[in-house]
Amino acid sequence: MMSTNRPAPLRRPEVLAAGAATVTVVLWASAFVSIRSAGEAYSPGALALGRLLSGVLALGVICLLRREGLPPRPAWRGIAISGLLWFGLYMVVLNWGEQQVDAGTAALVVNVGPILIALLGARLLGDALPPRLLAGMAVSFAGAVTVGLSMSGEGGSSLFGVVLCLLAAVAYAGGVVAQKPALGHASALQVTTFGCLVGAVLCLPFTGQLVAEAADAPVSATLNMVYLGVFPTALAFTTWAYALARTTAGRMGATTYAVPALVVLMSWLALGEVPGPLTLAGGALCLAGVAVSRSRRRVRAAAPDEVTQSRPESASRSA
C-alpha cells in the first residue's frame with residue numbers, strides 16, 4: 001500500500017464552526033454597504049445606538065422563544081467587558097473615526113485589530129501562535145491595506161481620526177479576548193444578547209440625537225440602520241460567538257481579513273463600483289492570507305515498511 005499525506009476529514013463541529021464564521025464575515029462585509037447609507041443621515045453615536053437597540057430587540061425575541069435564562073455568574077465579567085469595549089465603544093469610535101480619515105488610513109489602522117487579538121490571546125488566554133497563522137495574517141494585512149489604499153479618495157486624514165481608528169482596533173481586540181472566557185460558561189446567544197445590551201446602555205446618552213435625526217432621516221437610511229442591528233449585529237455576532245467558542249481568538253481574528261475582499265465584491269454588485277486591478281489584487285491577498293492562517297499541517301501517514309519494522313518491537317514488549 002502507498003502512504004498518503006491526506007489530512008483527516010473535518011468533524012461535524014468543525015464544519016459548523018466554519019459555517020458560522022462564514023456567515024459572520026459575509027454579514028459584516030454587508031454592513032459596510034449599509035453604513036454608507038445610514039451614515040449620511042445619522043451621526044456616529046445615534047447610528048450605534050439605533051443599531052444596538054435593533055439588535056437587542058431581535059436577540060431578546062430569540063431568547064424568549066428559546067427560553068434562554070440569564071448567563072451564569074462566571075460569564076458576566078467577560079460579557080460586561082466585551083459589551084463595553086466591542087459593542088459600545090468600538091461601534092461609536094469606529095463610526096466617528098471613519099468620518100475623520102480616508103479609507104486607506106482607516107484600513108491600515110483598524111486592521112491592526114486581528115493582530116492585536118492574536119497577541120492578546122497568546123498573552124492572556126495562552127493561545128498558540130503557529131507560523132501559519134502569523135504568515136497568513138501578514139499576507140491578509142497587506143491585502144487589507146492594499147484594498148483600502150486603492151479605494152480611498154482624496155480625503156485627508158487627521159491625527160485625531162487616526163487615534164480614533166486605533167482606539168477602535170484596541171477596543172475590538174480587547175472585546176474579543178474578553179468574550180472568549182465567557183463562552184466557556186454561557187451560550188453564544190446569551191453572551192451576544194447581554195453584550196449587546198451592555199453596549200446599548202452605554203450608548204443611551206445619544207438617545208436625543210437618535211430621536212431628532214430619525215425624524216428627518218429618509219426611510220432607506222433608517223431601514224439600513226435596522227438591518228445593521230438585526231443581521232450584522234444580532235445574527236453575525238451570535239455566529240461569531242459560536243465559532244469563537246470552538247477555536248482560538250487568533251484564528252477567528254484572522255478570519256475577519258476576508259471582510260475587505262467581500263466588501264469589494266458587494267460594492268461592485270450593489271453599488272456598481274467596479275474595482276480596479278489593485279483592489280482586486282488586494283482582495284485576493286486577503287483571501288489567500290485567511291486560507292493560510294486557517295490551514296493545518298498535514299499529518300504524514302506511516303509508511304508500510306515503518307509499520308513492518310515496528311511490529312517485532314511491539315510484539316517483544318507484549319510478550
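Modeller: Start where helix α2 stops. The residue that follows α2 is Arg67, and its phi is positive, near 55°. Arg67 is not a glycine, yet it carries that positive phi. Keep in mind that this is a predicted model. Arg67 lies in the loop between α2 and α3, with α3 covering residues 76-97. Is Arg67 buried or exposed? Arg67 counts as exposed because its relative accessible area is 78%, and the cut-off for exposed is over 50%.

Now the helix before it. Helix α2 takes in residues 44-66, 23 residues in all. At 1.5 Å a residue, α2 should span 33 Å. Its end C-alpha atoms are 33 Å apart, so expectation and model agree.

Next, the setting. The protein chain has 14 helices and zero strands. The chain has 319 residues, and 46% of them count as buried. Among contacts with a separation of 6 or more, 93% join residues 24 or more positions apart.

The largest nonpolar core holds 66 residues. Tyr42, Trp86, Tyr90, Val176 and Trp240 have the most contacts inside it. Helix α10, residues 219-244, gives the most to this core, with ten residues. A second core is separate and has ten residues, including Ala118, Ala144, Ala254 and Val290.

Finally, the outside. The protein chain exposes about 16000 Å², and carbon and sulfur atoms supply 67% of that. One nonpolar surface patch is formed by Leu265, Trp268, Leu269, Val274 and Leu280. Together these residues have about 530 Å² of accessible area. Helix α12, residues 258-271, supplies the largest share of the patch, three residues. Trp268 sits in helix α12. Trp268 has a relative accessible area of 41%, so it is partly exposed. Arg67, by contrast, is exposed at 78%.

Note on methods
Residues are numbered from 1 along each chain as its sequence is written. This is a predicted model: local features need pLDDT of at least 70, side-chain atom pairs count only at pLDDT 80 or more; totals for chains, interfaces and linings use all residues. Side-chain values use heavy atoms; hydrogens and water are left out. A nonpolar core is a set of buried Ala, Val, Leu, Ile, Met, Phe, Trp, Tyr and Cys residues joined through side-chain atoms within 4.5 Å. Buried means under 20% relative accessible area, exposed over 50%, partly exposed in between (1.4 Å probe, protein chains only). Helices (H or I, at least four residues) and strands (E, at least two) are DSSP runs, numbered from the N terminus. Contact means heavy atoms within 4.5 Å. Accessible areas come from the Shrake-Rupley method with a 1.4 Å probe; for residues, only the protein chains shown count as cover. Patches are made of residues with over 30% relative accessible area and no salt bridge: like charges are joined within 9 Å, nonpolar side chains (Val, Leu, Ile, Met, Phe, Trp, Tyr) within 5 Å. A salt bridge is a side-chain nitrogen of Lys or Arg within 4 Å of a carboxyl oxygen of Asp or Glu. The expected span of a helix is 1.5 Å times one less than its number of residues.
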